[in-house]
Amino acid sequence: MGGFELVLPILSGAVSALGSYQQSQAQAATANAQAQAEALNAQIQAANADIARNDGREAQARAAEDAYKAMGRQRAALAQGGILSSPTGLLLQDESQANADRELDQIGRQAELNALGYDIQKSNALNSSNIYKANAKASKTGGYLGIAGGILSGVSQGYDNYQKYYSGPKKG
């Protein structure tokens, strides 16, 4: 025996360990890239939530302006008809105001619901990002354990070969 029985298992274990390490580094890099993509997605969702809220405020402002113009036309028509201060005229004005208030509230609630949907997506993206980061760390740890396992396996096989070929004849 020329010593290959000892060296080959150790070299094989080292190559296996290196492969395990490289694979774990690739998995960690992929997980880190996914974590970065999810973090970016969270930023986009936060911006979308802000846009939805701003759009809601703008829609409320437009609706309020339209309602006030309509109520002004209504008051002018009621005054022209001579019933502006009558119970009927006052009731119509109160109902118009209540309808405008309800519409503005509805616009605001819908905008907030839209924004909350984006906030939920942002939260989900941040959670995914954290999971990917944890997976990256676990992959790196797994790579180190793979190195140790590969080397120990090679040394163990080499030692077994040594025992088999170099310990002399077995007594029995």
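Leu8 is found in helix 1, where helices are DSSP runs of H or I with at least four residues, numbered from the N terminus. The model is predicted, so local features need pLDDT of at least 70 and side-chain atom pairs count only at pLDDT 80 or more, while totals for chains, interfaces and linings use all residues. Residues are numbered from 1 along each chain as its sequence is written, and side-chain values use heavy atoms, with hydrogens and water left out.

Together with Phe4, Val7 and Leu11, Leu8 makes a nonpolar surface patch of about 420 Å². Such a patch is made of residues with over 30% relative accessible area and no salt bridge, nonpolar side chains (Val, Leu, Ile, Met, Phe, Trp, Tyr) being joined within 5 Å and like charges within 9 Å. The areas come from the Shrake-Rupley method with a 1.4 Å probe, and for residues only the protein chains shown count as cover.

Helix 1 can also be checked for length. Its 77 residues should span 114 Å at 1.5 Å a residue, and the end C-alpha atoms, 112 Å apart, agree with this; the expected span is 1.5 Å times one less than the number of residues. Just after helix 1, Gly82 takes a positive phi of about 80°.

Turning to the charged side chains, the count comes to 3 salt bridges, each defined as a side-chain nitrogen of Lys or Arg within 4 Å of a carboxyl oxygen of Asp or Glu. Arg53 and Glu112 meet in one of them, at 3.0 Å from N to O. This pair links distant parts of the chain, with Arg53 in helix 1 (residues 4-80) and Glu112 in helix 2 (residues 87-166), 59 residues apart. Arg53 also forms a salt bridge with Asp119, the closest N and O atoms lying 2.7 Å apart. Because Arg53 lies in helix 1 and Asp119 in helix 2, this second pair ties together parts that are 66 residues apart in sequence.

Salt bridges that share partners, in turn, join Arg53, Glu112 and Asp119 into one network.

Note on methods. Helix = DSSP H or I, 4+ residues; strand = E, 2+ residues; numbered from the N terminus.
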